[in-house]
Amino acid sequence: MMMNGSKRFKLYKSGKKWLIAAISATTMMTFGGMVVHAATDASSTAQTEVASAATSSSSTSTTLDNTDSATSASSAQTTATPATVASTATVQAAVAATEETSTATSAASSASDGSITTTSEDTQQAALSQVNAVRSSAASSDSAISAVALNDDLNAWAQTRANEMAANNGQLDSTTQYSSAPTWVSSDGVTSTDLQQSPNYEEGDAVYGSELTSSMQYWYESKETKEFLGYFAGDPTDFTTFSVNNWTDSINYDAYKYQYLTMTSPYANVMGYAYAYNATTGYTAVILEVAYLPDITETETKTVTRTINYLSKNTSETVADSITQTVTYTRIKSTSQVDGTVTYSDWTSAEPTFVAVESPDLSAQGYTTGDPATVAATSTTAETPSETVTVYYDDAETTATETKTVTRTINYLDQATNAVVSPAKAQTVTYTRTATTDAVTGDTTYTDWASADTTFAAIDSPALSADGYTAASETTVAALSTTADLANQTVDVYYNNATQETATEIETITRTVNYLDQTTNTVVSPAKVQTVTYTRTATTDAVTGNTTYTDWTSTEPT
């Protein structure tokens, strides 16, 4: 808790003019982790005519004591110069309201009803502007202090505290500070709304907060009789200016300079402001509450997928289980509880690459190597579209060469006996084709039969005259074109035996007619002789030596 210099004003009447005198009072500020004691005195008092609307300032001396420190801190003094508290219009209004003693007495009486005047929205906006002006002016050359925003919860909290302070003649119990605080405000320095949770906080920094207070009392009395004439509240704008200036003043302590608003500024992002005027006591209490209201964060995820399918090239059917690779990106969505602004961090991934995948070996199922054999590694970004990669497998095949022979056999035979008269001659034409068997389906396909020479050449029949044969029945067996479907051919060439006529054989048949006596068998007439000549040809076979004969023939067989 800190006591700061403030003022009380007395109005004195000199003839028909009222005079105002400034009398020192105290203000108080509390902040986390510190207790401050202050002694104030009215080291100077000034009087001025009301008509001139001028006010004087008093200086205060403040001693700071850090009760949490293990070593007693050295005390230092600094001079604070508060701003003008009562404006001309305020004082003139007070004078007009108390021009006569009876009127003043009546005013004092009516102010004793205990009513408390509270903060207007305009005053809160004015306080916000002044606090942010201090923050802006306190920014270092390389690090700006961002502006704070008014927060309804803190405004309500400040008003409750201001009302309590005004009702207790400027006194405020710091132990009850958090009893009326919003539920999200930290009271133990640990929860997420504590000022140390600000991203600007650095370990070891002094942190002040969350409440700064100030109180003032204004009254007027007769200069001649010292008669108390009544209280007046003054101008709320002046209250604000006076308090903000006091809170901004530096206090030297243990070689450090602490300015309460600027030391808190890097961490606070919301504030609440309120004043309360007690018409009975004339006390005006001013409260500033500050806090760090963290963004609401949530983690968003985005997945990039690569699906690898393994298909038959022939049928497009699946031949192996698909593989799905994923890369997960995350980013933080931050929603400001101050003004609703939404910001996003960059998308990041611990492993932004699809690793290379070797295609499975399906040879046992009858397939060739997959195409591609390896699906290559691929780098991704959060904007990379999901993709599908297809690896095709062709059916493995086994091949075999088949042969087929077409034959023409030429036999040389004896025409008569069908006996072989010369060795047979065999001609062949060989056809080939390739048989391809699908290892997956078992189906076999064939190429056409082919041959380098598809014709049986012409063959001359051998001459066998020396062996006693005549010329062959086919002097030359003609050439013959073939196909793979042509049946085997057999050609018989016949030879006849050669013959030799050796002789013509003649045989004569004779008939003798005798004329005889029947009784004596004596020739009775000369006998007559008749002859018939037969011939035949004897032919000898040159091969076998056998002779064959023609039939006997006669030109006159009778």
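Strands are DSSP runs of E covering at least two residues, and helices are runs of H or I covering at least four residues; both are numbered from the N terminus. The structure is a predicted model, in which local features need pLDDT of at least 70 and side-chain atom pairs count only at pLDDT 80 or more, whereas totals for chains, interfaces and linings use all residues. Residues are numbered from 1 along each chain as its sequence is written, and side-chain values use heavy atoms, with hydrogens and water left out.

Strand S14 takes part in an open sheet of four strands with the order S15-S14-S13-S20 and mixed pairing; two strands are taken to pair if DSSP finds at least two bridges between them. Strands S15 (342-344) and S20 (387-393) stand at the edges with a single partner strand each, so one side of each is left without a neighbour in the sheet. On average, neighbouring strands of this sheet are turned by 25° against each other, direction ignored; the axes are lines fitted to C-alpha atoms, for helices over the stretch in contact, and angles run from 0 to 180 degrees between N-to-C directions. Strand S13 (residues 296-312) and S20 run parallel and are joined by seven bridges, with Leu311 opposite Tyr392 in S20.

The surroundings of Gln325 were examined next. At 9% relative accessibility, Gln325 counts as buried (under 20% relative accessible area; exposed means over 50% and partly exposed in between, with a 1.4 Å probe and protein chains only). Its side chain reaches the backbone oxygen of Val355 at 2.9 Å, a polar contact (a pair of N or O atoms within 3.5 Å; within protein, one must be able to donate a hydrogen and the other to accept it, and residues adjacent in sequence count only if both atoms are side-chain atoms). Leaving aside neighbours within four places in sequence, the residues in contact with Gln325 include Val304, Ile308 and Phe354, where contact means heavy atoms within 4.5 Å.

Aromatic residues also link separate parts of the chain. Rings of Phe, Tyr and Trp (its six-membered ring) pair if their centres lie within 6.5 Å; planes under 30 degrees apart count as stacked, over 60 as edge-to-face and the rest as tilted. The count by this rule comes to seven aromatic pairs. One of them, Tyr367 with Tyr393, is edge-to-face, at 6.3 Å centre to centre and 75° between the planes. Tyr367 is in the loop between S17 and S18 and Tyr393 in strand S20, 26 residues apart. Tyr367 is buried at a relative accessible area of 14%, and Tyr393 is buried at 0%. Together with Tyr310, these two residues form one aromatic cluster.

Strands S21 (residues 397-414) and S22 (residues 420-438) run antiparallel and are joined by 16 bridges, with Val406 opposite Val429 in S22. Five residues lie between S21 and S22, and in the turn Asn418 has a positive phi of about 65°. Strand S22 also pairs with S23 (residues 444-446) in the antiparallel sense over three bridges. In that hairpin Gly442 takes a positive phi near 80°.

Backbone features were also found in loops. The peptide bond from Asp371 to Pro372 is cis, with omega near 10°, and Pro372 is placed in the loop between strand S17 (357-358) and strand S18 (374-375).
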